[in-house]
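Hi,

Here is the structure I said I'd pass along.

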Amino acid sequence: EKIHCEIFKNSMEASKIVAQEIAQLIRSKKERNKTCVLGLATGSSPIKVYEELVRMHREEGLSFANVVTFNLDEYYPMNKENKQSYHYFMHQHLFNHIDILPENVNIPDGTIPLEELNQYCIDYEMKIKESGGLDFQLLGIGRTGHVGFNEPGSHVNSGTRIITLDHITRSDASSDFNGIDNVPKRAITMGVSTILRSKRIVLLAWGQNKASIIKRTVQGDTNSEVPATFLQNHTNATFVLDQSAAADL
Ligand code: GLP
(Lines give C-alpha, C1' and ligand atoms only; values in the text may rest on other atoms or scores of the structure.)
Protein backbone atom coordinates (compact mmCIF):
# COMPACT_ATOMS: atom_id res chain seq x y z
CA GLU A 1 0.00 0.00 0.00
CA LYS A 2 1.18 3.49 -0.90
CA ILE A 3 -0.85 5.14 1.85
CA HIS A 4 -0.92 4.09 5.48
CA CYS A 5 -4.21 2.24 6.18
CA GLU A 6 -5.77 1.35 9.50
CA ILE A 7 -8.52 -1.23 9.34
CA PHE A 8 -11.20 -1.53 12.02
CA LYS A 9 -13.94 -4.07 12.72
CA ASN A 10 -16.61 -1.47 12.05
CA SER A 11 -17.14 2.23 11.43
CA MET A 12 -18.21 2.88 15.03
CA GLU A 13 -14.91 1.73 16.52
CA ALA A 14 -12.99 3.56 13.83
CA SER A 15 -14.93 6.80 14.29
CA LYS A 16 -14.24 6.81 18.02
CA ILE A 17 -10.48 6.59 17.40
CA VAL A 18 -10.61 9.46 14.88
CA ALA A 19 -12.70 11.61 17.23
CA GLN A 20 -10.16 10.90 19.99
CA GLU A 21 -7.34 12.14 17.78
CA ILE A 22 -9.24 15.34 16.98
CA ALA A 23 -10.12 15.93 20.64
CA GLN A 24 -6.49 15.38 21.63
CA LEU A 25 -5.34 17.91 19.05
CA ILE A 26 -7.88 20.51 20.26
CA ARG A 27 -6.78 20.02 23.88
CA SER A 28 -3.06 20.17 23.14
CA LYS A 29 -3.52 23.38 21.14
CA LYS A 30 -5.54 24.83 23.99
CA GLU A 31 -2.79 24.09 26.50
CA ARG A 32 -0.49 26.16 24.32
CA ASN A 33 -3.11 28.92 23.93
CA LYS A 34 -3.39 28.24 20.23
CA THR A 35 -6.30 27.86 17.87
CA CYS A 36 -6.90 24.49 16.30
CA VAL A 37 -7.75 24.70 12.59
CA LEU A 38 -9.89 21.82 11.37
CA GLY A 39 -10.83 20.99 7.78
CA LEU A 40 -14.20 19.25 7.83
CA ALA A 41 -16.11 17.02 5.46
CA THR A 42 -19.76 16.16 4.84
CA GLY A 43 -21.39 12.99 3.52
CA SER A 44 -22.36 9.94 5.54
CA SER A 45 -18.79 8.86 6.37
CA PRO A 46 -17.93 11.47 9.06
CA ILE A 47 -21.32 11.45 10.84
CA LYS A 48 -20.24 9.10 13.64
CA VAL A 49 -17.07 11.13 14.21
CA TYR A 50 -19.23 14.23 14.72
CA GLU A 51 -21.58 12.31 17.04
CA GLU A 52 -18.63 11.26 19.14
CA LEU A 53 -17.24 14.82 19.28
CA VAL A 54 -20.67 16.08 20.41
CA ARG A 55 -20.74 13.36 23.09
CA MET A 56 -17.28 14.40 24.30
CA HIS A 57 -18.44 18.01 24.44
CA ARG A 58 -21.49 17.06 26.54
CA GLU A 59 -19.97 14.43 28.79
CA GLU A 60 -16.30 15.30 29.01
CA GLY A 61 -16.37 19.07 28.69
CA LEU A 62 -14.46 19.10 25.41
CA SER A 63 -14.56 22.76 24.36
CA PHE A 64 -14.43 24.05 20.80
CA ALA A 65 -13.85 27.65 21.88
CA ASN A 66 -10.35 27.59 20.38
CA VAL A 67 -11.41 25.81 17.18
CA VAL A 68 -11.65 27.32 13.68
CA THR A 69 -13.19 25.19 10.95
CA PHE A 70 -13.12 25.23 7.16
CA ASN A 71 -15.45 22.96 5.27
CA LEU A 72 -14.30 21.32 2.08
CA ASP A 73 -17.15 22.07 -0.22
CA GLU A 74 -20.72 23.19 -0.95
CA TYR A 75 -23.08 22.68 -3.85
CA TYR A 76 -23.53 25.61 -6.22
CA PRO A 77 -25.90 27.28 -6.33
CA MET A 78 -27.27 26.41 -2.91
CA ASN A 79 -29.14 28.28 -0.18
CA LYS A 80 -27.99 27.79 3.41
CA GLU A 81 -31.50 26.97 4.68
CA ASN A 82 -31.90 24.20 2.10
CA LYS A 83 -31.87 20.80 3.83
CA GLN A 84 -29.55 19.44 1.14
CA SER A 85 -26.94 22.12 1.77
CA TYR A 86 -23.67 21.24 3.46
CA HIS A 87 -24.28 24.35 5.56
CA TYR A 88 -27.42 22.70 6.96
CA PHE A 89 -25.67 19.33 7.35
CA MET A 90 -22.81 20.75 9.41
CA HIS A 91 -25.10 22.64 11.77
CA GLN A 92 -27.40 19.66 12.18
CA HIS A 93 -24.61 17.17 12.89
CA LEU A 94 -22.05 19.31 14.72
CA PHE A 95 -22.14 23.08 15.07
CA ASN A 96 -25.57 23.37 16.75
CA HIS A 97 -24.42 21.04 19.52
CA ILE A 98 -21.01 22.44 20.48
CA ASP A 99 -19.55 25.72 21.79
CA ILE A 100 -17.77 26.81 18.61
CA LEU A 101 -17.95 30.56 17.93
CA PRO A 102 -20.12 31.24 14.86
CA GLU A 103 -17.44 33.53 13.43
CA ASN A 104 -14.98 30.62 13.53
CA VAL A 105 -17.09 28.48 11.19
CA ASN A 106 -16.25 28.69 7.48
CA ILE A 107 -18.27 26.86 4.83
CA PRO A 108 -18.11 27.75 1.14
CA ASP A 109 -21.10 29.98 0.37
CA GLY A 110 -23.32 28.61 -2.37
CA THR A 111 -25.17 31.93 -2.74
CA ILE A 112 -22.26 34.04 -4.04
CA PRO A 113 -23.07 35.56 -7.46
CA LEU A 114 -21.21 33.81 -10.27
CA GLU A 115 -19.20 36.90 -11.22
CA GLU A 116 -17.85 37.19 -7.65
CA LEU A 117 -16.93 33.54 -7.26
CA ASN A 118 -13.33 33.72 -8.43
CA GLN A 119 -12.48 36.34 -5.86
CA TYR A 120 -14.53 34.51 -3.22
CA CYS A 121 -12.48 31.33 -3.76
CA ILE A 122 -9.19 33.24 -3.59
CA ASP A 123 -10.36 34.82 -0.33
CA TYR A 124 -11.36 31.41 1.11
CA GLU A 125 -7.90 30.08 0.35
CA MET A 126 -6.32 33.20 1.89
CA LYS A 127 -8.43 32.87 5.02
CA ILE A 128 -7.15 29.32 5.57
CA LYS A 129 -3.56 30.54 5.25
CA GLU A 130 -4.14 33.49 7.57
CA SER A 131 -5.66 31.21 10.20
CA GLY A 132 -2.30 29.42 10.30
CA GLY A 133 -3.21 26.61 7.88
CA LEU A 134 -5.15 23.42 8.42
CA ASP A 135 -3.89 21.34 11.35
CA PHE A 136 -6.15 18.41 10.49
CA GLN A 137 -8.23 17.58 7.43
CA LEU A 138 -11.03 15.03 7.64
CA LEU A 139 -12.01 13.45 4.31
CA GLY A 140 -14.47 11.04 2.78
CA ILE A 141 -14.06 9.66 -0.72
CA GLY A 142 -16.51 9.57 -3.59
CA ARG A 143 -16.84 6.58 -5.90
CA THR A 144 -15.19 8.67 -8.64
CA GLY A 145 -12.11 9.02 -6.44
CA HIS A 146 -12.96 12.59 -5.52
CA VAL A 147 -11.92 14.19 -2.25
CA GLY A 148 -13.99 17.26 -1.43
CA PHE A 149 -15.48 17.74 -4.88
CA ASN A 150 -12.19 17.39 -6.74
CA GLU A 151 -13.55 15.24 -9.53
CA PRO A 152 -11.46 13.23 -12.03
CA GLY A 153 -9.32 15.66 -14.01
CA SER A 154 -8.51 17.80 -10.95
CA HIS A 155 -4.92 19.00 -10.94
CA VAL A 156 -2.57 18.31 -8.04
CA ASN A 157 -1.97 22.09 -7.85
CA SER A 158 -5.67 23.04 -7.85
CA GLY A 159 -6.93 25.51 -5.25
CA THR A 160 -10.41 26.44 -4.05
CA ARG A 161 -12.65 26.86 -7.10
CA ILE A 162 -15.96 26.08 -8.76
CA ILE A 163 -16.17 22.69 -10.46
CA THR A 164 -18.67 20.69 -12.52
CA LEU A 165 -19.91 17.57 -10.77
CA ASP A 166 -19.30 14.17 -12.29
CA HIS A 167 -22.35 12.22 -13.43
CA ILE A 168 -21.62 9.38 -10.95
CA THR A 169 -21.42 11.90 -8.09
CA ARG A 170 -24.76 13.44 -9.08
CA SER A 171 -26.34 10.04 -9.38
CA ASP A 172 -25.02 9.04 -5.92
CA ALA A 173 -26.57 12.26 -4.53
CA SER A 174 -29.88 11.82 -6.35
CA SER A 175 -31.68 10.12 -3.46
CA ASP A 176 -30.90 13.13 -1.21
CA PHE A 177 -32.37 15.45 -3.84
CA ASN A 178 -35.38 13.42 -4.90
CA GLY A 179 -34.02 12.66 -8.35
CA ILE A 180 -30.85 13.44 -10.31
CA ASP A 181 -32.45 16.39 -12.12
CA ASN A 182 -32.61 18.27 -8.81
CA VAL A 183 -28.92 17.72 -7.97
CA PRO A 184 -26.91 20.91 -8.61
CA LYS A 185 -24.54 20.62 -11.55
CA ARG A 186 -21.72 22.48 -9.87
CA ALA A 187 -20.01 22.93 -6.52
CA ILE A 188 -17.39 25.03 -4.76
CA THR A 189 -14.54 22.92 -3.41
CA MET A 190 -11.18 23.32 -1.74
CA GLY A 191 -8.53 22.19 -4.21
CA VAL A 192 -6.20 19.22 -4.09
CA SER A 193 -3.32 21.50 -3.11
CA THR A 194 -5.44 23.11 -0.36
CA ILE A 195 -6.02 19.66 1.11
CA LEU A 196 -2.41 18.52 0.70
CA ARG A 197 -1.15 21.54 2.68
CA SER A 198 -2.94 20.27 5.79
CA LYS A 199 -0.48 19.07 8.44
CA ARG A 200 -2.49 15.89 8.99
CA ILE A 201 -5.05 14.09 6.79
CA VAL A 202 -7.46 11.32 7.78
CA LEU A 203 -9.70 9.80 5.12
CA LEU A 204 -12.68 7.68 6.17
CA ALA A 205 -14.29 4.96 4.05
CA TRP A 206 -16.93 2.45 5.08
CA GLY A 207 -18.70 -0.35 3.27
CA GLN A 208 -18.16 -2.53 0.23
CA ASN A 209 -19.28 0.29 -2.11
CA LYS A 210 -15.92 1.93 -1.43
CA ALA A 211 -13.71 -1.19 -1.69
CA SER A 212 -12.79 -0.78 -5.35
CA ILE A 213 -12.02 2.96 -5.23
CA ILE A 214 -9.98 2.40 -2.06
CA LYS A 215 -7.90 -0.24 -3.85
CA ARG A 216 -7.32 2.07 -6.84
CA THR A 217 -6.41 4.97 -4.54
CA VAL A 218 -4.07 3.06 -2.27
CA GLN A 219 -2.37 0.79 -4.81
CA GLY A 220 -2.58 2.69 -8.12
CA ASP A 221 -0.17 5.32 -9.42
CA THR A 222 -0.93 8.97 -8.67
CA ASN A 223 -3.02 10.44 -11.46
CA SER A 224 -5.70 13.05 -12.03
CA GLU A 225 -8.24 10.40 -13.01
CA VAL A 226 -8.37 9.36 -9.36
CA PRO A 227 -7.64 12.63 -7.51
CA ALA A 228 -7.49 10.87 -4.13
CA THR A 229 -4.26 9.17 -5.32
CA PHE A 230 -2.53 12.53 -4.78
CA LEU A 231 -2.81 11.82 -1.06
CA GLN A 232 0.08 9.38 -1.65
CA ASN A 233 2.27 12.51 -1.81
CA HIS A 234 1.39 13.47 1.76
CA THR A 235 3.70 12.36 4.57
CA ASN A 236 1.07 12.31 7.31
CA ALA A 237 -2.07 10.85 5.73
CA THR A 238 -3.96 7.83 7.07
CA PHE A 239 -6.89 5.96 5.58
CA VAL A 240 -9.23 4.72 8.28
CA LEU A 241 -11.29 1.85 6.87
CA ASP A 242 -13.79 -0.72 8.02
CA GLN A 243 -13.29 -4.32 6.93
CA SER A 244 -15.65 -4.03 3.94
CA ALA A 245 -13.96 -0.93 2.50
CA ALA A 246 -10.59 -2.68 2.91
CA ALA A 247 -11.82 -5.95 1.39
CA ASP A 248 -9.94 -5.60 -1.93
CA LEU A 249 -6.56 -4.65 -0.43
C1 GLP B 1 -19.74 13.98 -1.39
C2 GLP B 1 -18.81 14.95 -0.67
C3 GLP B 1 -17.49 14.33 -0.36
C4 GLP B 1 -17.72 12.97 0.28
C5 GLP B 1 -18.44 12.05 -0.69
C6 GLP B 1 -18.67 10.66 -0.13
O7 GLP B 1 -19.53 13.97 -2.75
N8 GLP B 1 -18.60 16.19 -1.38
O9 GLP B 1 -16.75 15.18 0.48
O10 GLP B 1 -16.51 12.42 0.66
O11 GLP B 1 -19.67 12.64 -0.98
O12 GLP B 1 -19.85 10.63 0.61
P13 GLP B 1 -20.20 9.53 1.67
O14 GLP B 1 -19.37 9.79 2.86
O15 GLP B 1 -21.66 9.74 1.95
O16 GLP B 1 -19.91 8.22 1.04
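**What sits against D73**

Setting aside residues up to four places away in sequence, D73 touches Y86, P108, G148, F149, A187, I188, T189 and M190; contact here means C-beta atoms, placed from the backbone, within 7 Å of each other. Before you read on, note that this is a predicted model, where local features need pLDDT of at least 70, side-chain atom pairs count only at pLDDT 80 or more, and totals for chains, interfaces and linings use all residues. Numbering starts from 1 along each chain as its sequence is written.

D73 itself lies in strand 4 (residues 73–76). Helices (H or I, at least four residues) and strands (E, at least two) are DSSP runs, numbered from the N terminus. D73 counts as buried because it has 23 C-beta neighbours inside 10 Å. The cut-offs are 20 or more other C-beta atoms within 10 Å of a residue's own for buried, 12 or fewer for exposed, and partly exposed in between, with C-beta atoms placed from the backbone.

**The annotated site**

UniProt (unreviewed entry) puts an "active site" feature at D73, H146 and E151. They span 79 residues in sequence, but no two of their C-alpha atoms are more than 12.1 Å apart, so they gather at one spot. Bear in mind that UniProt positions follow the numbering used here, feature names are shortened, and annotations may be inferred rather than shown by experiment.

H146 is in the loop between strand 6 (136–139) and strand 7 (161–164). H146 is buried too, with 27 other C-beta atoms within 10 Å. Beyond its neighbours within four places in sequence, H146 contacts E151, T169 and P227.

**The ligand**

There are 13 residues around the ligand, and G43, S44, S45, G140 and G142 come nearest (near means a C-beta atom, placed from the backbone, within 6 Å). That shell has 4 nonpolar, 8 polar and 1 charged residues; Ala, Val, Leu, Ile, Met, Phe, Trp, Tyr, Cys and Pro count as nonpolar, Asp, Glu, Lys and Arg as charged, and the others, Gly among them, as polar.

**The chain overall**

The protein chain has 7 helices and 10 strands, and 42% of its 249 residues count as buried. Among its contacts with a separation of 6 or more, 81% join residues 24 or more positions apart. UniProt (unreviewed entry) also lists "domain: Glucosamine/galactosamine-6-phosphate isomerase" for residues 13–238. The end C-alpha atoms of residues 13–238 lie 16 Å apart.

Cheers

Note on methods. Two residues are in contact if their C-beta atoms, placed from the backbone, lie within 7 Å.
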